[in-house]
Amino acid sequence: MKEKKERALKRTLAYAGRYKGLTYLSFVLSAATAVTGVMPFVYLWKILKEVIAVHPHYENAVGIVHNGWMAVWFSLITMLVYFGALMCSHLSAFRVAGNMKRALLSHIAELPVGFADEMGSGKLRRVVLETTASTETLLAHNLPDMVQAVVTPVCMIVMLFLYDWKFGLACLVPMVIAFACMMQMAGPAMAEDMKHYQNALEKMSNEAVEYVRGIPVVKTFGQTVFSFHRFKKSIDDYSHFCIHYTKRCRPHMIAFTVIINATFATLIGLTVLLSGKNGFSQEIMTNFLFYVMFTPVIVTTMNRVMYLSENSMVLKDALSRMDEILLMRPLVEPENAKTPQKTEVVLSHVTYHYPGSRKAAVKDLSLCAKPDQMIALVGPSGSGKTTVAALISRFFDTDEGTVCIGGVNVRDMAKEELMNTVSYVFQDSKLLKCSIAENLRIAKPDAGDEEIKNALHAAQCDDIIARLPLGIHTVLGSEGTYLSGGEQQRIAIARAILKKAPVVVLDEATAFADPENEILVQKAFAELTKHSTVIMIAHRLSTIKNVDRIYVLDKGCVREEGTHEELLEKHGLYHTMWQEYLQTINWKVGEGA
């Protein structure tokens with residue numbers, strides 16, 4: 001266990017870089033404060049001893065002022081040195097947390113996009129932001145305190161037995177018993193509990209993100225929060241764990257707190273026992289007052305030891321959760337990368353399983369989108385449409401079969417080449433809190449203002465730019481400048497037009513568009529398809545009537561394919577979906593409702 005703890009600490013300090021020396025300097029300074037911190041008690045004991053010795057002739061006490069000033073000076077020195085120790089440890093801790101985030105984000109940038117969906121955005125955010133930040137408490141505060149927790153007891157034991165071993169033993173016994181109670185909470189079992197606690201937090205964070213994303217559905221269909229049973233269950237699981245863990249620790253925590261804070265009671269009992277029939281002697285009274293005054297230091301030291309144990313487990317858990325991401329391997333890059341000369345997209349006998357799922361998301365699926373052709377993927381929810389789009393963009397690799405662009409397997413294309421070849425417009429496109437121009441330059445960093453305006457014009461965004469106070473240089477999210485879902489989609493399409501990618505994947509690009517925006521989005525599609533092969537996922541069947549070919553997916557397989565008219569004549573799944581679509585657009589609220 002000690003070896004694992006040292007290994008975790010060594011790994012953590014490796015992220016400090018050249019600031020690692022500041023951590024070790026903080027150890028030295030913290031050890032110095034442990035020594036200087038007990039000196040004021042020595043001088044206070046001298047003051048007490050002198051006051052009791054000259055009683056009642058206090059005018060004969062000549063060392064009180066000197067000893068008092070010495071106690072003050074050592075207190076000031078202790079505070080200044082401890083402040084220096086914390087400055088050093090904080091500088092190192094902040095560098096560690098920053099470098100951990102950089103290491104994670106650099107690695108995440110190399111991972112396929114699909115891994116974020118598999119892990120969950122809530123869990124990923126928590127690992128990158130909160131888990132790395134949790135190391136700051138240990139490195140900035142607990143490590144210096146750890147040195148104090150080691151050096152201070154040594155100084156304490158020397159002092160406890162230096163003046164009167166009987167009183168020293170009376171202080172030491174409660175410390176040992178309290179330490180035994182603490183180990184019942186902070187032993188090996190706590191490491192497992194800490195893991196379950198962090199898992200419960202991650203699960204609740206993931207479900208919370210999904211719940212927030214689903215709020216539009218709740219409002220649209222009048223559902224209650226209880227319809228999101230997974231979110232409620234994650235809260236209940238977290239609550240049950242915390243209550244169970246708290247109840248299990250309660251007896252040990254109560255015993256620890258009572259015993260460590262009742263050290264003075266043993267001193268009173270020992271004082272009464274030693275005084276016996278002869279009453280209080282000067283020596284007994286002096287030692288009693290000194291040890292009662294010294295007792296709070298014991299309490300503080302034991303509390304530091306307890307919290308140090310807990311935060312050490314937090315550190316090991318943080319490293320294990322970071323490793324969960326860092327051990328993920330990026331998709332294999334080809335040794336001899338190939339460049340496609342055409343834009344034909346062909347999926348041949350593709351099968352893919354999501355991690356942990358026995359059921360194939362797509363199974364033995366084949367389809368083809370010819371150069372400058374627009375095809376549409378339709379089908380029931382869960383039929384594999386988004387999975388097909390993700391495989392074309394190589395968000396993850398197929399289990400079986402091939403995905404080819406221009407006759408080249410996407411596995412044989414360099415990552416940069418694939419990114420330049422395929423442009424993906426997500427269902428819920430997110431724009432950054434920066435200007436419209438900067439949002440578009442993500443696709444083409446060297447694009448000029450005129451080129452950006454042309455792309456926005458082609459994407460039917462003229463009305464959006466016209467009402468913005470600074471046009472394309474207006475910062476989104478500032479001074480009440482926000483765009484609707486349909487407007488954001490048009491900006492995202494403008495970004496795809498600016499990129500001029502040979503292959504464009506549209507994942508439910510009209511999902512958040514109102515009827516007016518949908519017409520404009522359709523016009524933007526027409527511009528986008530002039531020089532690109534387009535694969536479009538759609539739920540609104542009206543948006544795909546004029547595409548070159550429609551593939552109807554069901555349970556991960558292609559059930560039907562053809563044009564809109566051809567599929568209607570087959571009277572199959574597409575015909576059923578079309579009839580249901582016509583019924584929905586003809587729905588009316590009854591007059592008597």
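Ring pairs join Tyr352, Tyr354 and Phe396 into a cluster; rings of Phe, Tyr and Trp (the six-membered ring of the latter) are taken to pair if their centres lie within 6.5 Å, with planes under 30 degrees apart counted as stacked, over 60 as edge-to-face and the rest as tilted. The model is predicted: local features require a pLDDT of at least 70 and side-chain atom pairs count only at pLDDT 80 or more, whereas totals for chains, interfaces and linings use all residues. Residues are numbered from 1 along each chain as its sequence is written, and side-chain values use heavy atoms, with hydrogens and water left out.

The structure holds 6 aromatic pairs. In one of them, Tyr352 and Tyr354 have ring centres 5.1 Å apart and planes at 85 degrees, so this pair is edge-to-face. The rings of Tyr354 and Phe396 are likewise edge-to-face, because their planes stand at 80 degrees, with the centres 5.6 Å apart. Tyr354 is located in the loop between β1 (345-352) and β2 (362-369), and Phe396 in the loop between α14 (385-392) and β4 (400-405), so the pair ties together parts that are 42 residues apart in sequence. Helices (H or I, at least four residues) and strands (E, at least two) are DSSP runs, numbered from the N terminus. Tyr354 is partly exposed, with a value of 32%. Buried denotes under 20% relative accessible area, exposed over 50%, and partly exposed the range in between (1.4 Å probe, protein chains only).

An open sheet is formed by 6 strands in the order β6-β7-β8-β3-β9-β10, with mixed pairing. β6 (422-425) and β10 stand at the edges with a single partner strand each, so one side of each has no neighbour in the sheet. Neighbouring strands of the sheet are turned against each other by 20 degrees on average, direction ignored; axes are lines fitted to C-alpha atoms, for helices over the stretch in contact, and angles run from 0 to 180 degrees between N-to-C directions. Strands of a sheet pair through backbone hydrogen bonds, either parallel or antiparallel. Two strands are counted as paired if DSSP finds at least two bridges between them.

Strand β7 (residues 503-507) pairs with strand β8 (residues 533-537) in the parallel sense over 5 bridges, and Val505 stands opposite Ile535 in β8. The pairing of strand β3 (residues 374-378) with strand β9 (residues 549-554) is also parallel and spans 4 bridges. Here Val378 is placed opposite Val552 in β9. By contrast, β9 and strand β10 (residues 557-562) run antiparallel and are joined by 5 bridges, with Ile550 opposite Gly562 in β10. These two strands, β9 and β10, form a hairpin with 2 residues between them, and Lys555 in the turn has a positive phi of about 55 degrees.

Cys557 lies in strand β10 and, at 19% relative accessibility, counts as buried. Apart from neighbours within four places in sequence, Cys557 is in contact with Lys363, Leu365, Ser383 and Val552, where contact means heavy atoms within 4.5 Å. The C-alpha atoms of Cys557 and Lys385 are separated by 9.7 Å, the two residues being 172 residues apart along the chain. Cys434 is also buried, at 15% relative accessibility. A disulfide is a covalent bond between the sulfur atoms of two cysteines. With a disulfide defined as a pair of cysteine sulfur atoms within 2.5 Å, the count comes to 0.

Gln489 is found in helix α19 (residues 485-499). Gln489 is buried, with a relative accessible area of 1%. The C-alpha atoms of Gln489 and Ser429 are separated by 6.1 Å, although these residues are 60 residues apart along the chain.

Over the protein chain, the secondary structure comes to 22 helices and 10 strands. Of the 593 residues in the chain, 47% are buried. Among contacts between residues at least 6 apart in sequence, 77% join residues at least 24 apart. The protein chain exposes about 30900 Å², of which carbon and sulfur atoms supply 61%; accessible areas come from the Shrake-Rupley method with a 1.4 Å probe, and for residues only the protein chains shown count as cover.
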